[in-house]
Amino acid sequence: MSGDDRGTLSPTGWRVPSVLAALGALVGLFIANSLSGLPLIPWSAIPTLLLLAFAESYTAGRTARRIRREPGTEPIAPLSAARLLALAKASALFASIAAGFFAGMALSITERLDLPTHREAFLISLGTALAAGLLLAAALYLEHACRVPDDDGEDDTDDTPRAT
């Protein structure tokens with residue numbers, strides 16, 4: 001680790017969520033295919049994930065305005081922004097795994113959609129995967145909202161010595 005990288009946190013890219021979603025899909029396929037019957041999938045996960053996605057999206061909008069110090073907003077404390085960033089990172093990782101897992105479950109059921117119970121399990125698992133995808137998008141939006149805008153170089157009154 002070089003001296004310039006200390007104390008920085010890189011944004012979540014597309015690779016880690018993609019790999020986690022693929023691994024989750026493989027686990028979902030494996031579990032669904034190894035069970036003798038139809039896997040029990042709770043429908044309540046869909047509204048729960050949608051509610052979390054809405055809450056994180058709303059928080060992201062407010063956080064972005066507070067970080068940009070728009071008129072009528074109170075500046076955000078650095079510790080609060082760090083906590084929101086940790087929430088965003090954790091939510092993005094969880095949502096990636098959940099989206100892949102439930103997509104894998106849905107994929108394993110596609111061959112047996114002629115029965116109503118299989119159709120119901122397919123729709124619930126597909127809905128859960130989509131809700132987890134929305135949570136992933138909201139988490140990435142919250143992570144982006146926690147970024148501090150770059151200084152344009154104007155009003156450079158910082159007297160801190162810089163290494164060149």
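## A buried ring and its partner

Phe-102 is buried, at 16% relative accessible area (buried means under 20%, exposed over 50%, partly exposed in between, with a 1.4 Å probe and protein chains only). The model is predicted, so local features need pLDDT of at least 70 and side-chain atom pairs pLDDT 80 or more, while totals for chains, interfaces and linings use all residues. Residues are numbered from 1 along each chain as its sequence is written, and side-chain values use heavy atoms, without hydrogens and water.

## Aromatic pairs

The whole structure contains 2 aromatic pairs (rings of Phe, Tyr and Trp, the last by its six-membered ring, with centres within 6.5 Å; planes under 30 degrees apart are stacked, over 60 edge-to-face, the rest tilted). Phe-54 and Tyr-58 form a stacked pair, because their ring centres are 6.5 Å apart and their planes meet at 20 degrees. Both residues belong to helix α2, 4 residues apart, or about one turn of the helix (helices are DSSP runs of H or I with at least four residues, strands runs of E with at least two, numbered from the N terminus). Phe-54 is exposed at 57% relative accessibility, whereas Tyr-58 is partly exposed at 49%. The rings of Phe-101 and Phe-102 pair edge-to-face, since their centres lie 5.2 Å apart and their planes stand at 90 degrees.

## The loop between α1 and α2

The loop between α1 (15–34) and α2 (45–67) holds Leu-35, which is partly exposed at 41% relative accessibility. Ser-44 lies in the loop between α1 and α2 and is partly exposed at 35%. Between Ser-44 and Thr-128 there are 8.9 Å in space, C-alpha to C-alpha, although they are 84 residues apart in sequence.
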